[in-house]
Amino acid sequence: MPRLNYNHLRYFWEVAREGHLTNAAERLNLSQSALSTQIKKLEDHLGHPLFERRGRGLVLTEAGQLALDYADAIFNAGEELLGTLSREVSGARPSLRVGALATLSRNFQSAFLEPILAQPRVSLELRSGSMPELLAELEAHRLDLVLANQEPPRQPETRWIAHRVAEQRVGLIGAPQRIGDETDAARLLATHPLVLPSRISGVRPAFDALAMRLGLTPHIAAEVDDMAMMRVLVRRDIGLAVLPPIVVQDELASGRLKMAAPLIELTEVFYAITLVRRLPNPLITELLSF
């Protein structure tokens, strides 16, 4: 049997990911007819149609989906090879590419990365984005690690591992003049406006359940999916914030803000998400060992 033409497989892979011949042709700087011809050669070689046309788009056949699974493994392994070996060239500085949820606490990020931030020879690249964006970059080996405060939903084909690296009790935090000497969480929740994490947060369902058990209908001043913005609002005394202390650790240390009461049943969990790799980045091993 003749060997597989990997150029043809690459063209198929690009078309399968785009779902459209025109877009893939533009990316590859080929004419549509030339690209179509290459795909047809691959189909003839494999003995199965890989696409069926629906409207203006292309949909994978059963054989096409199987071919895509193999192509993903092949080309992702190639990206991993390049990324790993590029760090191994003589004289290269050790590097780590980290993605973090745009809404994640900056204090947590800096605390987690502290062991390598202190190493002058390490090259650190830090990006932010949404969970789908960051996981796509991780799968494509353009990131080594993703930091998040929620575990992504798993799929059968998932190749990542979510390491639980930190957990903090969530507290009711606000300006000292608002809190006074009150320490009863139920009374505080009932009598003050609240700055809450949005409903996509892992903390929010637990807070809503707590409010229901206490028979409370909280006065919600703001629902925020960005911890940095929650920090701003509580500093401006918009209300009491439901936050892990690490988000406002400097304000708590200076006395500008005060922990009124811990919410015992609520915790914020932080994850470091990595791929299963043949040659793991040693900097990740170092971070996860702390």
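Predicted model: local features only at pLDDT ≥ 70, side-chain atom pairs only at ≥ 80, totals over all residues.
Q: Is Leu-172 buried or exposed?
A: The relative accessibility of Leu-172 is 0%. Buried means under 20% relative accessible area. Leu-172 therefore counts as buried.

Q: Which residues does Leu-172 contact, leaving aside its neighbours within four places in sequence?
A: Contact here means heavy atoms within 4.5 Å. Among the partners of Leu-172 are Ala-185, Leu-188, Leu-189 and Leu-194. The list also includes Leu-240, Ala-241, Val-242, Lys-258, Met-259, Ala-260, Ala-261 and Leu-263.

Q: What distance separates the C-alpha atoms of Leu-172 and Ile-74?
A: Along the chain, Leu-172 and Ile-74 are 98 residues apart.

Q: Where is the place of Leu-194, and is Leu-194 buried or exposed?
A: Leu-194 is one of the residues in contact with Leu-172. Its place is in strand β7, residues 194-197. With a relative accessibility of 0%, Leu-194 counts as buried.

Q: Which residues does Leu-194 touch, not counting residues up to four places away in sequence?
A: Leu-172 and Leu-189 are among the residues that Leu-194 touches. Others on the list include Phe-207, Pro-218, His-219 and Ile-220. The list also includes Ala-221, Ala-222 and Leu-240.

Q: How are α1 and α3 oriented to each other?
A: Let's turn to the helices. Helix α1 covers residues 6-18 and helix α3 covers residues 32-46. They pack with their axes 9 Å apart, at an angle of about 115 degrees. α1 and α3 are therefore roughly perpendicular.

Q: Which residues make the contact of α1 with α3, and how do they divide by class?
A: The crossing of these two helices, α1 and α3, is left-handed. From α1 come His-8, Leu-9, Tyr-11, Phe-12 and Val-15, and from α3 come Leu-35, Gln-38, Ile-39, Lys-41 and Leu-42. These residues of α1 and α3 divide into seven nonpolar, two polar and one charged.

Q: How are α1 and α2 oriented to each other?
A: The axes of α1 and α2 come within 8 Å. They cross at roughly 130 degrees, and α1 passes α2 in a right-handed crossing. α1 and α2 are therefore oblique to each other.

Q: Which residues make the contact of α1 with α2, and what classes do they have?
A: On the α1 side are Tyr-11, Glu-14, Val-15, Arg-17 and Glu-18. On the α2 side are Leu-21, Asn-23, Ala-24, Arg-27 and Leu-28. By class, the contact of α1 with α2 has five nonpolar, one polar and four charged residues.

Q: How are α2 and α3 oriented to each other?
A: The axes of α2 and α3 come within 9 Å. Their crossing angle is roughly 100 degrees. α2 and α3 are therefore roughly perpendicular.

Q: Which residues make the contact of α2 with α3, and how do they divide by class?
A: α2 brings Leu-21, Thr-22, Ala-24, Ala-25 and Leu-28. α3 brings Gln-32, Leu-35 and Ser-36. The residues of the contact of α2 with α3 divide into five nonpolar, three polar and no charged.

Q: What is positive about Asn-29, and is this residue buried or exposed?
A: Asn-29 lies in the loop between α2 and α3. Although Asn-29 is not a glycine, its phi is positive, at about 60 degrees. With 70% relative accessibility, Asn-29 counts as exposed.

Q: Where is the place of Asp-237, and what is its phi?
A: The place of Asp-237 is in the loop between α10 (227-235) and β9 (240-243). At 24% relative accessibility, Asp-237 counts as partly exposed. For this residue other than glycine, phi has a positive value, near 60 degrees.

Q: How many aromatic pairs does the structure hold, and what is the geometry of Phe-12 and Phe-51?
A: The structure holds four aromatic pairs. In the pair of Phe-12 and Phe-51, the ring centres are 5.4 Å apart and the planes make 50 degrees. The geometry of Phe-12 and Phe-51 is tilted.

Methods. Residues numbered from 1 in each chain as written. Heavy atoms only, no water. Axes fitted to C-alpha atoms, helices over the stretch in contact; angles between N-to-C directions. Helix = DSSP H or I, 4+ residues; strand = E, 2+ residues; numbered from the N terminus. Parallel < 35°, antiparallel > 145°, perpendicular 65-115°, else oblique. Left-handed = near helix turned anticlockwise from the far one by under 90°. Nonpolar A, V, L, I, M, F, W, Y, C, P; charged D, E, K, R; others polar. Phe/Tyr/Trp six-rings, centres within 6.5 Å; stacked < 30°, edge-to-face > 60°. Buried < 20%, exposed > 50% of the residue type's maximum accessible area, 1.4 Å probe, protein only.
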